[in-house]
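Please read the numbered points with the model in view.

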Amino acid sequence: KDMIRLAKGMEDAGIKMIELDLGCPQPEEMKIQGGLLKASQDYIDVTKAVVRSVSVPVFIKLSPQQADLVTTAKGVKEAGAAGVTCHNRFLGFCIDIDNARPYVWGWAGVGGPWMLPISLRWVSKIYSAMPDLPVLGSSGVYDYEDVIQYLMAGACVVEFCSTIMVKGYSV
């Protein structure tokens, strides 16, 4: 119900497209409601409910912590998603040894350039299975060469996050 309420609020605010991040790993580890959906059926159920409640295109951001992202992408497409974002971060844990504490706040979603080959694989597999489904590439993008790789793998748009976090908005 929260996803429907938020989607309607975004549409009412004039947002022209919604990306539902159904694969965000942080809430699961932070013990708050929501978080990582692990089963394709959960993605399908949420997608159906949200798509029925708004008139703007809805893209579903997938979690890499599933056995087969192609299966989930097919399911959300059939449920009415306009496309998918491939993909969010893996749960991880890194320690800052100089300060004797975890990076971020502890167990959290981790990403960076090492994710590129994993994400490119899934973008390519989803695109090969459903060339008519728009795929937004995400995870591991660091420079223009990575963007080109995503486009060559089948993505129609590429998202940046880690690079901006590391290099700032000037990138």
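1. Ile-95 lies in strand S5, which covers residues 95-96. This is a predicted model. Ile-95 is classed as partly exposed because its relative accessible area is 48%, and the partly exposed class lies between under 20% for buried and over 50% for exposed.

2. Ile-95 also belongs to a nonpolar patch on the surface, together with Phe-93, Ile-97 and Trp-107. The accessible area of these residues together is about 490 Å².

3. Attention may now turn to the sheet. An open sheet is formed by five strands with parallel pairing, in the order S1-S2-S3-S8-S9. Strand S1 (18-21) and strand S9 (157-158) each have a single partner strand and stand at the edges, so one side of each has no neighbour in the sheet.

4. Within this sheet, three bridges join strand S2 (residues 58-61) to strand S3 (residues 83-86) in the parallel sense. Opposite Gly-83 in S3 stands Phe-59. Helix H5 (residues 116-129) packs on the sheet, where it touches S3 and strand S8 (135-137). The direction of helix H5 makes about 160 degrees with that of S3.

5. Which way do the residues of S3 point? Gly-83 and Thr-85 point one way, whereas Val-84 and Cys-86 point the other way. In a regular strand, side chains alternate between the two faces of the sheet. All of Gly-83, Val-84, Thr-85 and Cys-86 are buried.

Technical notes. Residues numbered from 1 in each chain as written. Predicted model: local features only at pLDDT ≥ 70, side-chain atom pairs only at ≥ 80, totals over all residues. Heavy atoms only, no water. Pairing = 2+ DSSP bridges. Helix = DSSP H or I, 4+ residues; strand = E, 2+ residues; numbered from the N terminus. Contact = heavy atoms within 4.5 Å. Axes fitted to C-alpha atoms, helices over the stretch in contact; angles between N-to-C directions. Patch = residues over 30% accessible without salt bridge, like charges linked within 9 Å, V, L, I, M, F, W, Y side chains within 5 Å. Areas by Shrake-Rupley, 256 points an atom, 1.4 Å probe, with all protein chains shown as cover. Salt bridge = Lys/Arg side-chain N within 4 Å of Asp/Glu carboxyl O. Buried < 20%, exposed > 50% of the residue type's maximum accessible area, 1.4 Å probe, protein only.
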